[in-house]
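Hi,

Here is the structure I promised to pass on. Have a look at it first, and then read my notes below.

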Amino acid sequence: MTDWAWDCNPSAEYVTEGLPPGVVAEVERLTTELAALGPEAAKVGRPFDREGGLREFDLMRGRGFLSFLAVPRHRCVYVCNVTWYG
């Protein structure tokens, strides 16, 4: 475990607006696990050929994805967008 946290940027209301409750719960679960990875979160998801920057991670078997930034300086994973095709 690390001392990293996660947050939504710009806000949780903006990022999760209109999403079903189950999807919001899955986003929270995944970002908790990403924060537990600490600096290794910058290597998870797409793009595969480099680390850092805006990353994407599939949700619920490809029915959507979340975009996030892992910021070592802040020790935080920021969820920037959730796209849901549901």
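First, a definition: I call something a salt bridge when a side-chain nitrogen of Lys or Arg lies within 4 Å of a carboxyl oxygen of Asp or Glu. With that rule, E26, R29 and E33 come out linked in a network of salt bridges, and the count for the structure is 7.

Before the rest, some housekeeping. What you have is a predicted model, where local features need pLDDT of at least 70 and side-chain atom pairs count only at pLDDT 80 or more, while totals for chains, interfaces and linings use all residues. Residues are numbered from 1 along each chain as its sequence is written, and side-chain values use heavy atoms, with hydrogens and water left out.

On confidence: pLDDT is the predictor's confidence in each residue, from 0 to 100. The protein chain averages 92, and 99% of the residues score at least 70. Strands and helices here are DSSP runs, numbered from the N terminus (helices: H or I, at least four residues; strands: E, at least two). Confidence is lowest in strand 2 (residues 55-59), with a mean of 92, and highest in strand 1 (residues 5-8), at 96.

For exposure I use relative accessible area: buried is under 20%, exposed is over 50%, and partly exposed is in between (1.4 Å probe, protein chains only).

- D3 and R75 meet through their side chains at 2.6 Å, N to O. This pair ties together distant parts of the chain, 72 residues apart: D3 sits in the segment before strand 1, and R75 in the loop between strand 3 (64-71) and strand 4 (76-84). D3 counts as exposed at 53%, while R75 is partly exposed at 45%.
- R46 and D58 form a salt bridge at 3.0 Å, N to O. Here R46 is in the loop between helix 2 (21-37) and strand 2, and D58 is in strand 2, 12 residues apart. Both residues are partly exposed, R46 at 27% and D58 at 41%.
- R50 pairs with D49, with the closest N and O atoms 3.8 Å apart. R50 is exposed at 54%, and D49 is exposed at 66%.

Now the sheet. Two strands pair if DSSP finds at least two bridges between them. That gives an open sheet of 4 strands in the order 1-4-3-2, with mixed pairing. Strand 1 and strand 2 are at the edges with a single partner strand each, so one side of each has no neighbour in the sheet. Strand 1 and strand 4 run parallel and are joined by 4 bridges; A5 stands opposite C76 in strand 4.

T31 is buried, with a relative accessible area of 0%.

Last, the cysteines. How many disulfides does the structure hold? It holds 0, taking a disulfide as a pair of cysteine sulfur atoms within 2.5 Å. C8 is in no disulfide, its nearest cysteine sulfur being that of C80, 9.0 Å away. C80 is in no disulfide either, and the nearest cysteine sulfur to C80 is that of C8. C8 is also buried, at 10%.

Cheers
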